[in-house]
Structures are given as C-alpha cells and as structure tokens.
Amino acid sequence: MKKYCFLIALLFCSVLLHSQDRYFLNSDTRLYTSKNISADFLGYFRYGAEVQVLSENENSWYKVKADNFTEGYVPEKFIAKRLNAKDIQTKDSENPILEGGDNYYGGNHLFVLVAGLKARALPDKNSKIREILYTGDPVPVNYLPKNQDEWVNINGSFSDEYAQFTLRKFIGKRPDFNALVKEFDKLDINAIADRKTIGERLVELAWNSENTTLAPAYQRYYEVVKQLNDPKLLADTELNMAIAKGLAKHKKPEEVTAFTKKVEFILKGVKTKSLFFSQKDLVKIFGKPSKKATVGDECGIYLSDSFYYYPDLEASVDETKNQAEITKVFINENNQLVFNTNSVLDHTTSEKVFIEKYGTYIGASIKSPHTYSIQLEDSEFRIDFKDGKLFTIEIIIYC
C-alpha cells in the first residue's frame with residue numbers, strides 16, 4: 001500500500017513539473033482531431049504559438065491545449081521548449097493568420113472587423129469585458145479556430161490576467177477603407193441601421209489609417225447622425241469633425257516643438273520658469289503639501305521619486321537640491337498654461353474653442369475622447385477636458 005501511494009505521489013510530481021514547462025510550436029501546423037495529418041482539424045497555429053502539453057509523446061504526436069482552451073493533437077516534431085532563429089519552418093499557405101512585419105503589428109495577428117468590439121476575460125459572452133477594440137485594430141493571434149462561431153484568444157496568452165477573447169467571425173484581414181466607402185454609398189438612404197453600422201466602422205477604421213481618411217469617413221457618418229437626430233451624438237460628431245479637420249492639416253513636428261518651446265505655467269499669479277520651481281518657492285506659494293509620496297521611477301525621468309500633492313498641483317521634488325518639477329496642474333481661476341501672449345489655456349477655455357484654435361497642433365484618438373496631446377521636445381502635454389471645460393494638464397515625460 002505504501003509503495004502504491006509513493007508511486008501516485010511520484011506520478012503527481014512528474015505531471016506537475018511537466019505542466020510547469022512552456023512549449024512552443026517551431027513551425028506552422030494545425031490542431032488535429034486525432035493523431036493523423038489526414039484527420040479533420042480544428043484550427044490553425046502559426047510559428048511561435050504557445051501550447052500546453054497534455055500528454056506524453058504518443059507515436060510522434062502530442063495532445064495539446066490551444067490558448068482558447070481547445071484540445072487536439074499536433075505532430076511531435078513541431079513541439080519545442082524554446083524557439084531558435086535556425087528553426088526550419090513549414091509554411092501553411094492556407095493559414096489565415098497574418099505574420100508580423102506588415103507595418104501594423106510585429107507578430108502573428110489579424111484585425112478587428114467590427115465597431116466597438118468587446119474583448120472578454122473568458123470565452124463567454126457574459127464574462128468580464130477587458131477592453132473595447134475598434135475597426136482596424138491589430139490583435140495578436142497564434143491559434144485560429146476553423147469554426148467562425150468559436151472563440152479566439154486575441155492576446156496570445158494563457159495567463160488569466162492578460163488573456164482576451166472574442167468570436168472568430170469578428171476578426172480577419174484588415175478592412176479596406178475604400179471598399180467600405182463604396183459599401184456605404186450603395187446603401188439606400190432609408191437603410192439607417194445599416195448606414196449607421198457601416199458609418200461607425202468607417203470612422204473607426206479612419207482613426208486607424210491616414211488622417212486624410214477622417215474627413216470622408218465623418219462626412220458619411222454625419223449624414224446618418226443627422227437622420228437619427230440625437231442631440232448628444234450630433235454634438236460629439238461635430239466635435240470629432242473639427243478634430244479631423246485639424247489633424248488633416250497637422251503641423252510638422254518641428255513647428256509644434258517651436259510653438260511649445262517657451263511655454264510656462266502661471267500658478268496663483270506666479271510664473272514658473274519653464275516647468276520648474278524651486279522647492280522653497282513651491283512651498284511658499286502653495287504651502288505644505290496635503291500629501292507626500294514616493295513613486296517608482298524605473299526610467300529615471302523625473303527630478304526625484306518624491307512627489308508633493310496639492311489640491312490643484314502635483315510635482316516631483318528634490319528637497320536636497322531645492323528643485324521642483326511640475327507634473328500635473330488642475331486648471332482653475334488661479335492656474336493657466338501660457339504658450340505666448342496670444343495663446344493661453346485657462347479655466348474659460350472650452351473644448352470646442354481649444355480644438356478650433358489648436359487643432360493643427362494636437363494629437364487625438366477615438367479611444368481617449370476629450371483627451372489631447374501637444375508635443376514638447378522630450379515629453380508632451382496631456383490635456384483633459386471635463387464637461388466641455390479644461391480640467392487638467394499633465395506633463396508626460398518619455399521613458
């Protein structure tokens with residue numbers, strides 16, 4: 001009996017150690033339903049895909065689990081514990097997964113085909129939404145099921161923390177902008193639901209394309225929005241159209257940095273020298289901070305990892321050197337950002353006016369509405385609006 005228990009324990013430890021190993025596919029292959037390349041298959045793997053090995057080698061085949069939890073078989077010769085530049089890869093010409101290096105994504109991937117795609121934590125329509133993805137977004141894919149109604153892991157990770165899932169039918173080759181325009185233009189003007197669906201996809205794909213595509217995309221989408229006559233949707237679309245107009249005539253990087261070269265804050269009536277104070281002047285003007293904290297700064301981009309927090313200001317402070325660097329300002333009647341005498345951002349600056357005046361200088365994204373950036377030499381201003389009014393200006397320093 002003791003010997004039997006010992007063997008069970010030994011087997012358990014062996015399985016445990018085996019399960020902790022990581023295995024990769026050193027070639028394109030397919031996930032087969034049985035140990036035969038003539039058998040039916042469940043989906044496609046691209047070179048570099050990670051799998052979980054479920055069984056020992058059986059007649060030159062392994063039973064494995066793909067990153068979407070589908071189980072099947074792959075030839076033993078394609079299983080490796082590490083990848084090597086000298087790997088001799090077998091290419092599968094029928095494999096729909098795109099390889100990296102197409103100017104959109106570095107590794108195996110496909111693209112989102114629909115607007116506002118929900119990426120979920122588990123292959124379940126009721127599971128937690130991890131992220132909202134947009135038409136034309138590239139997503140990493142290492143295993144693609146053949147069945148259009150099955151789930152795909154669009155993060156290529158087995159980790160519960162990072163895995164993301166969507167249905168196979170919602171991803172594929174990158175949509176063609178001109179083809180979508182033609183599809184929209186062919187629709188009957190009264191087919192409002194279809195026009196809205198294609199219009200949303202057009203707008204999202206335009207944000208993932210050249211800035212010149214934004215105007216024709218919004219021109220068509222705006223036609224539908226006016227038909228729907230939703231006041232909020234109208235206002236949001238008109239704001240985005242103004243952003244698109246500015247982005248289409250965006251200034252050159254050197255023109256933007258020249259514009260921001262002499263920028264400074266006025267805080268409680270006191271001008272900063274660029275973005276800096278002395279630590280003593282900071283305390284003199286704002287008083288003792290309501291909070292002090294140490295912030296991890298792996299890149300070493302701030303003056304110090306010691307931060308002072310005030311109700312309307314945050315700063316990195318080096319007390320030994322008597323220096324303070326502004327990192328975030330909450331805009332109110334006391335605080336403003338000055339580019340020059342004719343260009344001042346203060347609490348009266350509306351989002352609409354900001355876009356009309358500075359639209360050719362800003363960076364913007366459909367994924368971060370009401371948040372804009374303006375380039376500095378080695379950093380950027382991140383400018384947030386709330387309820388149509390200027391709310392905060394944060395200095396993002398590049399690592």
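These legends walk through several close-up views of a predicted model. Residues are numbered from 1 along each chain as its sequence is written, and side-chain values use heavy atoms, with hydrogens and water left out. Because the model is predicted, local features need pLDDT of at least 70 and side-chain atom pairs count only at pLDDT 80 or more, while totals for chains, interfaces and linings use all residues.

**View 1. Helices α3 and α4 pack at an angle of about 150°.** Helix α3 covers residues 192–207 and helix α4 covers residues 214–228, and their axes are 9 Å apart. That angle makes α3 roughly antiparallel to α4. Helices here are DSSP runs of H or I with at least four residues, strands are runs of E with at least two, and both are numbered from the N terminus. The axes are lines fitted to C-alpha atoms, for helices over the stretch in contact, with angles from 0 to 180 degrees between N-to-C directions. Angles under 35 degrees count as roughly parallel, over 145 as roughly antiparallel, 65 to 115 as roughly perpendicular and the rest as oblique. The crossing of α3 and α4 is left-handed, meaning that the near helix is turned anticlockwise from the far one by less than a right angle.

**View 2. Side by side, α3 and α4 meet through residues from both helices.** From α3, look for Ile192, Arg195, Lys196, Gly199, Glu200, Leu202, Val203, Ala206 and Trp207. Their counterparts in α4 are Leu214, Ala217, Tyr218, Arg220, Tyr221, Glu223, Val224, Gln227 and Leu228. Contact means heavy atoms within 4.5 Å. The residues of this contact divide into 11 nonpolar, 2 polar and 5 charged. In this grouping Ala, Val, Leu, Ile, Met, Phe, Trp, Tyr, Cys and Pro count as nonpolar, Asp, Glu, Lys and Arg as charged, and the others, Gly among them, as polar.

**View 3. Helices α5 and α8 cross at roughly 20°.** The axes of α5 (residues 231–248) and α8 (residues 351–358) come within 9 Å. This makes α5 roughly parallel to α8, and their crossing is left-handed. The contact is made by Leu239, Ala242 and Ile243 of α5 and by Glu351, Lys352 and Ile355 of α8. Sorted by type, the residues of this contact are 4 nonpolar, no polar and 2 charged.

**View 4. Three strands make an open sheet in the order β11-β8-β15.** The pairing is antiparallel, and two strands pair if DSSP finds at least two bridges between them. At the edges stand β11 (138–140) and β15 (171–172), each with a single partner strand, so one side of each is left without a neighbour in the sheet. Strand β8 (residues 109–112) is joined to β11 by 3 bridges. To find your bearings, locate His109, which stands opposite Pro140 in β11.

**View 5. Another open sheet holds 4 strands in the order β17-β16-β23-β24.** Pairing here is antiparallel. The edge strands are β17 (270–271) and β24 (343–345), and each has a single partner strand, so one side of each is left without a neighbour in the sheet. Between β16 (residues 264–267) and β23 (residues 335–340) there are 4 bridges. Glu264 stands opposite Val338 in β23, and Ile266 stands opposite Gln336 in β23.

**View 6. Strands β23 and β24 form a hairpin with 2 residues between them.** The strands run antiparallel and are joined by 3 bridges. Leu337 stands opposite Leu345 in β24.

View 7. Most residues other than glycine have a negative phi. Ser60 is partly exposed, with a relative accessible area of 45%, whereas Asn103 is exposed at 81%. Buried means under 20% relative accessible area, exposed over 50%, and partly exposed in between (1.4 Å probe, protein chains only).

**View 8. Leu376 is buried, at 7% relative accessibility.** Leu376 is found in the loop between β26 (371–375) and β27 (379–386). Leaving aside its neighbours within four places in sequence, Leu376 is in contact with Thr257, Thr260, Val263, Leu275 and Phe381. Leu376 and Tyr302 are 74 residues apart in sequence and 15 Å apart in space, C-alpha to C-alpha.
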